[in-house]
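Here are my notes on the model you sent. Please read them with the structure open.

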Amino acid sequence: ARFTGEDSNPNVYELVRKWIAPKCRALHVSYALLLNAGGVVCDTFISHAWGESVLQFIADIKDNCPDFQNRVLWTCFAANPQTWPHGNLKSFLGMAPTQSPFSKAIDNCDEFLVVRNTNKNMYLRLWCLAELAFVSSKKSATAVKVVGSMPEGAETVGGRLKNRAECSDPEDKSLLTQIINDAEGLEALITKVAEARPGDVMGLGSQQC
């Protein structure tokens with residue numbers, strides 16, 4: 001997509017509304033399936049917040065992940081069907097977050113890429129915390145790589161972030177909060193990721209350091 005004029009630096013909400021949804025609406029598919037009708041197996045899960053600058057999001061990945069063109073990246077705004085009615089999308093995402101495409105993609109990937117941004121503290125979003133809970137519970141080895149920067153002065157203490165995080169769907173909030181509260185050692189992991197330097201890599205599962 002070409003970003004010009006007042007749309008020269010969109011966030012992901014704007015990207016989905018103005019570019020992705022119009023392309024996908026007629027076929028009722030996700031942007032990923034629009035480009036790859038048969039689907040592809042992902043190996044890198046991207047955790048991020050939609051309030052970020054799309055251009056900065058892309059730059060952070062390109063600048064810090066030299067092998068990104070050889071990886072299959074999973075990101076929610078491309079992988080999930082953004083034009084479906086809320087009820088249909090809710091069914092697609094599953095009754096339990098642990099059965100959602102997010103959790104299944106994380107299980108399949110050997111890399112978990114956290115793309116922070118200076119617009120929004122991503123760990124004030126319950127889904128971002130839940131993604132950390134999912135990856136922390138994996139038994140297989142997963143490399144967690146952190147890129148981008150947090151907003152200036154952002155809260156980074158895991159326990160405080162857990163208590164303040166929100167999401168837009170009340171049903172999701174209840175389910176996600178339970179998963180987050182049940183995840184062992186999650187508060188320390190949240191803090192570690194939030195305070196990491198851009199480019200830091202940490203291991204989970206058999207790669208735990």
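Leaving aside neighbours within four places in sequence, which residues is S103 in contact with?

1. **S103.** This is a predicted model. In it, S103 is in contact with P97, T98 and F134, once neighbours within four places in sequence are set aside. S103 has its place in helix 6. Its relative accessible area is 6%. The cut-off for buried is under 20%, so S103 counts as buried.

2. **Across to E131.** S103 and E131 are 28 residues apart in sequence. In space, their C-alpha atoms are 7.2 Å apart. E131 is one of the buried residues of helix 7.

3. **Helix 6.** This helix covers residues 101-108. Its buried residues are P101, F102, S103, A105 and I106. They pack against several elements. Among the strands are strand 1 (44-47), strand 2 (73-74) and strand 3 (111-115). Helix 4 (76-79), helix 5 (86-93) and helix 7 are also packing partners.

4. **Helix 7.** How many of the eleven residues of helix 7 are buried? Ten are, so the helix is largely enclosed by the rest of the structure. The buried set is L126, W127, C128, L129, A130, E131, L132, A133, F134 and V135. F134 is also a contact of S103.

5. **The core.** The largest nonpolar core has 61 residues. Helix 7 (residues 126-136) gives the most to this core, with nine residues. The residues with the most contacts inside the core are F77, Y123 and L132. L132 is among the buried residues of helix 7. In soluble globular proteins, nonpolar side chains tend to be buried together.

6. **F77.** Not counting residues up to four places away in sequence, F77 touches V12, L15, V16, I20, H48, W50, F57 and Q82.

7. **The whole chain.** The protein chain has ten helices and five strands. With 209 residues, a compact globule would have a radius of gyration near 17 Å; this chain has 16 Å, which agrees. The C-alpha trace spans about 45 × 35 × 30 Å along its principal axes. Buried residues make up 48% of the chain. Of the contacts with a separation of 6 or more, 80% are between residues 24 or more positions apart.

8. **Surface and charge.** The accessible surface comes to about 10,900 Å². Carbon and sulfur atoms account for 50% of that. There are 21 positive and 23 negative side chains. The centres of the two sets lie 2 Å apart.

Terms used: Residues are numbered from 1 along each chain as its sequence is written. This is a predicted model: local features need pLDDT of at least 70, side-chain atom pairs count only at pLDDT 80 or more; totals for chains, interfaces and linings use all residues. Side-chain values use heavy atoms; hydrogens and water are left out. Helices (H or I, at least four residues) and strands (E, at least two) are DSSP runs, numbered from the N terminus. The radius of gyration is taken over C-alpha atoms; the globule rule is 2.2 Å times the number of residues to the power 0.38. Buried means under 20% relative accessible area, exposed over 50%, partly exposed in between (1.4 Å probe, protein chains only). Contact means heavy atoms within 4.5 Å. Accessible areas come from the Shrake-Rupley method with a 1.4 Å probe; for residues, only the protein chains shown count as cover. Lys and Arg count as positive and Asp and Glu as negative; His and the chain ends are not counted. The place of a charge is taken as NZ of Lys, CZ of Arg, CG of Asp or CD of Glu. A nonpolar core is a set of buried Ala, Val, Leu, Ile, Met, Phe, Trp, Tyr and Cys residues joined through side-chain atoms within 4.5 Å.
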